[in-house]
Amino acid sequence: MIKKFVSPFLLTFFLALLIIDMQFLWKYVDDLVGKGLEWYLILELLFYVSATFVTLALALAVLLSSLMTFGNLGEKYEIVALKSAGISVTSLMKPLAFISLLLAGFSFWFSDNVVPAAYLKWRTMIYEIAEQKPTLSMEEGVFYDGIDGYIIRLGKKHRDNENIEDVLIYDHTKYMGNISGTYAKRGTMTITPDKKFFLFTLYDGYLWDETRNQNSRNASYPYFFARFDKQYIKLDISSFEMQEVSDEFFKSSSKSLKLEDIAKQIDEKLKERDDISDGIYRKFEAIYFKECRYRKRNMDSVCPTPTTFSIDKVPQEWHDQAVFRAQTKCSNALGCLDQVDMITELKDREIHDCQIEYHQRLVLPLACFLFFFIGAPLGTIIRKGGIGIPLVITVVFFAFYFVISIFGEKMVKAGDLPAWAGMWMSTFITIPICFFLTYKATMDSALMSPDAYINFIKKVKSFPSKIFRKFKKK
């Protein structure tokens, strides 16, 4: 059984990993295209990205490979032969269930130790690549503005990408438009060995400059024009290099932390949120008591004893001041509460993100184990091998599972459900399905057999005619 399981498992695992990597490439294609990246940098990035998707690919591979394995056995009537020899379906499932349990344990270890480091690496790399400027990709007849302070147009570029003709370079380093430039009939363009400068060697051309101001001694000659036989122009392209970013920049993210550290981060953020609430309460409390003491001193000066108090004795000026102070303090209090509400909402989002990541580290490895009890019983019931029908069923169930997961995650982020309920919702729904399918498989149910449904439809169609014949006989 293990030998029959290993081959489809490896095939589906790498296939799932490839499909998920393609989804990543489509998402970040804008950050990767046109940067002149070396092939080994792209492979390194894909290696780190693939490592973060291993837990997801494992769950998908277990589901599809177990369905294929038991579907092949059912299609070739091997399960029927084994049952006739006294070997039950549960006995066939035991070794692969143990393998699935080991894979779930490996998935948990991998997600807690390898995935955070890989996530940190690929996030750092994608940030470095995104910050890198597009590579030099000059086209014929197109004005290129990729180099800061210069606009370049090439009339013709030879196949060697060095020899050029009809060259026009505008100098915008003074931010005054096209008042300074160079034109040449032909030339060459190369990059220095250290890849920090772009060197133009131009022949048979001229240059002009209109930046001379009227207060200079050359005021009578404001336009400068010169011809040349050979001219060198060196442009700085050091900003095109990929700048290294420290890993510390992304270490605060919960995805780059271990499970133990995420739990500590959740406690810290909860404490920060509570401190904000307590702080604003103490602030309003202090303002309240301060106002009370201030009012008491003023009232004591007008009404020394409580029995002598009368609203008529309070000056009108005090009434106006009291109303103005009350309006001001209410306005300040509302503004302060709005700010606190915004900060608290931000903290709640951070807490929800950490809680989601914490529970996801537990849910996905468990799904790797539970999916076996979806795939194996379904394979036994449908009795179809290959990759066609099993793949369709796997995609449908996988989509169903992750729609529920995403729904639960959205509910957690919105604050409508606690983190454990939202993130474990898909698991709570999957467990009864596992028991139901396993029970049907052991009882030789025709749940997924098309013949059973065809026979049922035929019986439904023939039911009215049977009733009519009985009625006719009577």
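Student: What classes of residue make up the lining of the largest pocket?
Tutor: The model is predicted. In it, the lining of the largest pocket has 25 nonpolar residues, 13 polar and 10 charged.

Student: What volume does the largest pocket have?
Tutor: About 1,700 Å³. Of the 48 residues lining the largest pocket, Thr52, Phe53, Leu56, Lys255 and Gln360 are the closest to its centre.

Student: And which helices each supply at least two residues of that lining?
Tutor: H1 (2-27), H4 (54-75), H6 (89-131), H7 (259-302), H8 (316-370) and H10 (388-413).

Student: Take H10. What span should it have, and how far apart are its end C-alpha atoms?
Tutor: H10 has 26 residues, so at 1.5 Å a residue it should span 38 Å. Its end C-alpha atoms are 37 Å apart, which agrees.

Student: Which H10 residues are buried?
Tutor: Pro390, Ile393, Thr394, Phe397, Phe398, Tyr401, Ile404, Ser405, Gly408 and Val412. As for the spacing, an α-helix has 3.6 residues a turn, so residues three or four places apart point the same way.

Student: What comes just after H10?
Tutor: Gly415, with a positive phi of about 80°.

Student: Cys354, then: buried or exposed?
Tutor: Cys354 is buried, because its relative accessible area is 4% and the cut-off for buried is under 20%.

Student: What about Cys368, buried or exposed?
Tutor: Cys368 has 0% relative accessibility, so it counts as buried too.

Methods:
Residues are numbered from 1 along each chain as its sequence is written. This is a predicted model: local features need pLDDT of at least 70, side-chain atom pairs count only at pLDDT 80 or more; totals for chains, interfaces and linings use all residues. Side-chain values use heavy atoms; hydrogens and water are left out. On a 1 Å grid over the protein atoms alone, a cavity is a set of points where a 1.4 Å probe fits but cannot get out, and a pocket is an open set with protein on both sides within 12 Å along at least five of seven lines; lining residues have an atom within 4 Å of a point. Grid points are joined across faces, edges and corners, and a volume is the space filled by probe spheres set on the points. Helices (H or I, at least four residues) and strands (E, at least two) are DSSP runs, numbered from the N terminus. Ala, Val, Leu, Ile, Met, Phe, Trp, Tyr, Cys and Pro count as nonpolar, Asp, Glu, Lys and Arg as charged, and the others, Gly among them, as polar. The expected span of a helix is 1.5 Å times one less than its number of residues. Buried means under 20% relative accessible area, exposed over 50%, partly exposed in between (1.4 Å probe, protein chains only).
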